[in-house]
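Subject: Structure for you to look at

Hi,

Here is the structure I promised to pass on. Have it open while you read, and my notes on it follow below.

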Amino acid sequence: KRSTTSSITKMDRDALRLFDECGKYLNKPLRSEKERYLLGLVLTDEYNLMHDDGYKIDVYHLASSEYIEFADEFIAKQKERRQITENNTVILSSDVTHESCEFDWVIQLAYFAHLIQIYKQLVSKPTIVVKIANNVIDFLNQQVAKCQRDKVRSCSSTLELKLDESDDDDDDDDDDQDLINPAAAEAAANNGNASRSRYQDIHIHVDHKVCDKVMLFTGISKKRAQILCTSFENHLELILLSIYKSNFILEVVTESLKMEHYDTAYRYLIQFDDLYCAKAAIQEYVATCCKQRRMQPILKQNWSESDIQFTEWTQHVLSFQHTNNIQLKPVNYQNLVESMIYKFALQFNIEDSFCFDLLYTFSMNHGDYKAAAKYMFEYVMRIEHSGNLSKTIQKLQYHCLCQVLSALDLLSERESQKYLRLDFATNRFQDEKTVIFRNEKIATYQQIKKYYILMQSKYYLLTLTDNDSGGGGGGGGHAMN
């Protein structure tokens, strides 16, 4: 029977403890051939293949034979898949599909991913999914730290070897190479690895064989694989760990949003170091808030915290269209959130002002008064060109125009210097608006004020009509200077 409760029972706590013990047991090679074969059947059954959920943990290529054995049928399918890949794509370097890269953490990772799939698809307990995913993230952080320590030791050993060779070949005591301090070099290597090339000025060339392996093992796009190769200096294990960690962080964000735990979702959301996953998580966050018509979970967060180095990712063209106030390439989380809200604003019914109200409030909250005015002015123009000019929506249009002028009044420039760029996609201005907005690229403060007077006249006419028919009218508006 499918359960939909999110509360944790004693049975759930016992299950989590057993899962943890099983995970520790899988941390070492299995002695029994039957155990390895059974594990292979569990992790490669049709259910796991059908409910991949974006993990794509390739145990066939990445797991050691000391940990797992596969059924003959599964091996045959993998060989067939490899042949299809080689025949139908040109993205793979020669013989890359024949190579295997074994890591001892893969089995544990695949096992926990399997548990998450079960709880998501069959039990539907977001709290348990979050707890398991959180444990996996801690596990992956430990593997990343271990991998970076190994990399530092490897770099240090290589450097010392080169120094020894240099001493043997060159007797010049004044050689700069002789002055290098191995301890200082190790410390520098440690700092460099901690920051992963992103703070280095040296351009890291993409190793195409590593890039192809990343694509094959994880199924990600070539562009994303190339960026990760640059970020992690073509270190395959660190790249794979980063991808899997991002997937599990995204899992925590998604399940936390299902429970309306917005603060938890935000705490994990800012941990991404992968812009592709960050975009997916922010889209989920914003979509949930818009669906539930809640502004506070978005407005309360800082959105300036992030592990992502945007300057590194935005060297590449991303799938952001040029819109209104939003930059073509994201420069921070705030910019990403703004982009997602605007995207949903264009999808909402013209009579529903929620997303444009949220954009206005979001911009005002960050002190960007011009952006706030522009968002609301775009909504006013969209109403005008929608053809839906009922009394209710005309009143909404008038009140939105009041907000435009209120935001512009907060700008420090003189009135003659205040203007808005009309670079959003709407129909051409028609009729009386053509007289007011002579330049279709900008709208000055005075032009917007004239348009406001026109809307105010219409508003009071509608109010008088409502009063004559017995309805109550409301006044008010922007204070005219």
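A word on naming before anything else: helices (H or I, at least four residues) and strands (E, at least two) are DSSP runs, numbered from the N terminus. By that rule, E260 lies in the loop between α11 and α12 (262-269).

Some ground rules. This is a predicted model, so local features need pLDDT of at least 70 and side-chain atom pairs count only at pLDDT 80 or more, while totals for chains, interfaces and linings use all residues. Residues are numbered from 1 along each chain as its sequence is written, and side-chain values use heavy atoms, with hydrogens and water left out.

**The overall picture**

The protein has 21 helices and two strands. Of its 481 residues, 47% are buried; buried means under 20% relative accessible area, exposed means over 50%, and partly exposed is in between (1.4 Å probe, protein chains only). Contact here means heavy atoms within 4.5 Å. Among the contacts with a separation of 6 or more, 72% are between residues 24 or more positions apart.

**The core**

A nonpolar core is a set of buried Ala, Val, Leu, Ile, Met, Phe, Trp, Tyr and Cys residues joined through side-chain atoms within 4.5 Å. The largest one has 126 residues, and Y285, I298 and F377 have the most contacts inside it. Helix α11 (residues 236-258) gives the most to this core, with 12 residues.

Click on Y285 and look around. Leaving out residues up to four places away in sequence, Y285 touches L257, Y262, A265, Y266, L269, P297, I298, Q301 and W303.

**Two helices side by side**

Two packed helices are described by the angle between their axes and the distance between the axes. Axes are lines fitted to C-alpha atoms, for helices over the stretch in contact, and angles run from 0 to 180 degrees between N-to-C directions. For α11 and helix α13 (residues 275-291), the angle is about 0° and the axes are 10 Å apart. That makes α11 and α13 roughly parallel to each other; angles under 35 degrees count as roughly parallel, over 145 as roughly antiparallel, 65 to 115 as roughly perpendicular and the rest as oblique. On the α11 side, the contact is made by S246, N247, L250, V253, T254 and L257, and α13 brings C277, A280, A281, E284, Y285 and T288.

**Loops with a positive phi**

Back to E260: its phi is near 60°, a positive value in a residue other than glycine. E260 is partly exposed, with a relative accessible area of 39%. R293 also isn't a glycine, yet it has a positive phi of about 55°. You'll find R293 in the loop between α13 and α14 (296-299), and it is partly exposed at 45% relative accessible area.

**Helix α9**

Is helix α9 (residues 208-218) mostly buried or exposed? Nine of its 11 residues are buried, so α9 is largely enclosed by the rest of the structure. Among the buried ones are D212 and K213. D207 caps the N-terminal end of α9, with a side-chain oxygen 3.0 Å from the backbone nitrogen of K209. This is a polar contact, meaning a pair of N or O atoms within 3.5 Å; within protein, one must be able to donate a hydrogen and the other to accept it, and residues adjacent in sequence count only if both atoms are side-chain atoms. Just after α9, G219 takes a positive phi of about 80°.

**Helix α18 and its surroundings**

For α18, 14 of the 18 residues are buried, so this helix is also largely enclosed by the rest of the structure. After α18 comes G387, with a positive phi near 85°.

Q397, in helix α19 (residues 391-409), is buried at 2% relative accessible area. A polar atom of the Q397 side chain lies 3.2 Å from the backbone oxygen of V380. Beyond its neighbours within four places in sequence, Q397 is in contact with V380, I383, E384, Y451 and M455.

Finally, H366 sits in the loop between α17 (354-365) and α18 and is partly exposed, at 28% relative accessibility. Its side chain reaches the backbone oxygen of F362 at 2.9 Å. Not counting residues up to four places away in sequence, H366 touches N302 and Q334.
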